[in-house]
Amino acid sequence: MTKNSISGDELLTTTRAVRKRLQLDKTIPEELINECFEIALQAPTGGNAQSWQFVVVYDAKKRAALADLYRKAWSRYKQSPGSVFDLAEKETENKRKDQLVRVGESADYLVENLHRVPVHVIPCVTGRVEKLSGSFASVGLASIYGSIIPATWSFMLAGRARGLGTCWTTAHLMYEKEAAEILEIPYDKVTQIALIATAFFKGEGFKPALRKPLETALHINKW
């Protein structure tokens with residue numbers, strides 16, 4: 001498929017979490033998803049192990065079942081400290097508060113319509129990450145997540161360049177075992193990392209988002 005004419009910097013600064021602008025009734029050709037994954041599999045991976053696995057869900061009944069799990073999890077998330085709704089309520093800076101409110105509304109929309117999103121992508125890694133323990137557990141987790149997240153993000157960037165919108169979600173992991181049963185994933189041997197909602201996006205493009213100033217996040221030589 002022909003890529004959009006977009007620079008690397010624009011691609012990186014305008015790949016948004018797309019929710020309300022997903023085209024819910026437009027089918028994505030399987031070859032387009034495969035093309036994005038051919039690019040994704042060029043991402044770096046720890047020890048060049050390439051132990052990533054991806055479950056791509058086209059089946060409407062399975063997507064509906066995953067969406068039901070997601071809604072159950074979302075109702076719990078909305079009540080939890082640190083949720084986007086909690087942060088919006090506590091925020092005092094008007095622009096930041098407005099942004100958080102919009103994110104919450106957009107997320108609610110996706111939850112209500114997740115079953116209609118034509119493709120769900122489930123990135124997975126071999127093994128159960130919660131079994132890692134001890135003083136070096138953080139090293140193991142960093143290696144595991146560092147070997148799946150770059151490839152997944154590359155899939156999302158490749159999709160953006162080809163007219164696809166994506167949204168990284170994780171709430172369904174509250175019911176990961178039930179999701180594993182739906183998708184016939186061997187739960188005791190494989191850990192799900194996310195659910196990437198994927199569809200063609202509406203409109204011409206996206207803009208850079210409001211972000212906190214660089215100096216609030218950057219540390220030079222010391223904390």
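**A cluster of rings**

Mentor: Happy to! Let us begin with a group of four: Tyr-70, Trp-74, Tyr-77 and Phe-85 are linked into a cluster by ring pairs. Keep in mind as you look that this is a predicted model. Seven aromatic pairs are found in the structure.

Now turn to another of those pairs, made by Phe-37 and Phe-54. Their ring centres are 4.8 Å apart and their planes meet at 50°, so this pair is tilted. The label follows from two cut-offs: planes under 30 degrees apart would count as stacked, and planes over 60 as edge-to-face. Where do Phe-37 and Phe-54 lie? Phe-37 belongs to helix α2, residues 30-40, while Phe-54 belongs to strand β1, residues 52-57, so the pair ties together parts that are 17 residues apart in sequence. Is Phe-37 buried or exposed? Phe-37 has a relative accessible area of 10%, so it is buried, because buried means under 20%.

Between α2 and β1 there is a loop, and Gln-50 is found in it. With a relative accessible area of 43%, Gln-50 is partly exposed. A second residue with a positive phi is Glu-184, at a value near 55°, and it too is a residue other than glycine. Glu-184 is found in the loop between α7 (176-183) and β4 (190-192). Its relative accessible area is 67%, so Glu-184 counts as exposed.

Arg-21 lies over the face of Phe-206, 4.0 Å from the ring centre. In the other example, the charged end of Lys-26 sits over the ring of Phe-200, at 4.4 Å from its centre.

Next, the cysteines. A disulfide is a covalent bond between the sulfur atoms of two cysteines. How many disulfides does the structure hold? The number is zero. Cys-124 is in no disulfide, and the nearest cysteine sulfur, in Cys-167, is 18 Å away. For Cys-167, the closest cysteine sulfur is that of Cys-36, at 16 Å, which is too far for a bond. Both Cys-124, at 2% relative accessible area, and Cys-167, at 1%, count as buried.

The largest pocket holds about 1,000 Å³. Of the 31 residues that line the largest pocket, Ala-17, Arg-19, Gln-99, Val-103 and Ser-106 are the closest to its centre. Which elements give two or more residues to the lining of the largest pocket? They are α3 (60-77), α5 (94-113) and β3 (164-169). The largest share, twelve residues, comes from α5. By kind, the lining of the largest pocket divides into 17 nonpolar, ten charged and four polar residues.

One last stop is Pro-213, in the segment after β5 (195-200). Pro-213 has 43% relative accessibility and counts as partly exposed.

Key:
Residues are numbered from 1 along each chain as its sequence is written. This is a predicted model: local features need pLDDT of at least 70, side-chain atom pairs count only at pLDDT 80 or more; totals for chains, interfaces and linings use all residues. Side-chain values use heavy atoms; hydrogens and water are left out. Rings of Phe, Tyr and Trp (its six-membered ring) pair if their centres lie within 6.5 Å; planes under 30 degrees apart count as stacked, over 60 as edge-to-face and the rest as tilted. Helices (H or I, at least four residues) and strands (E, at least two) are DSSP runs, numbered from the N terminus. Buried means under 20% relative accessible area, exposed over 50%, partly exposed in between (1.4 Å probe, protein chains only). A charge sits over a ring if NZ of Lys or CZ of Arg is within 6 Å of the ring centre and within 35 degrees of the ring normal. A disulfide is a pair of cysteine sulfur atoms within 2.5 Å. On a 1 Å grid over the protein atoms alone, a cavity is a set of points where a 1.4 Å probe fits but cannot get out, and a pocket is an open set with protein on both sides within 12 Å along at least five of seven lines; lining residues have an atom within 4 Å of a point. Grid points are joined across faces, edges and corners, and a volume is the space filled by probe spheres set on the points. Ala, Val, Leu, Ile, Met, Phe, Trp, Tyr, Cys and Pro count as nonpolar, Asp, Glu, Lys and Arg as charged, and the others, Gly among them, as polar.
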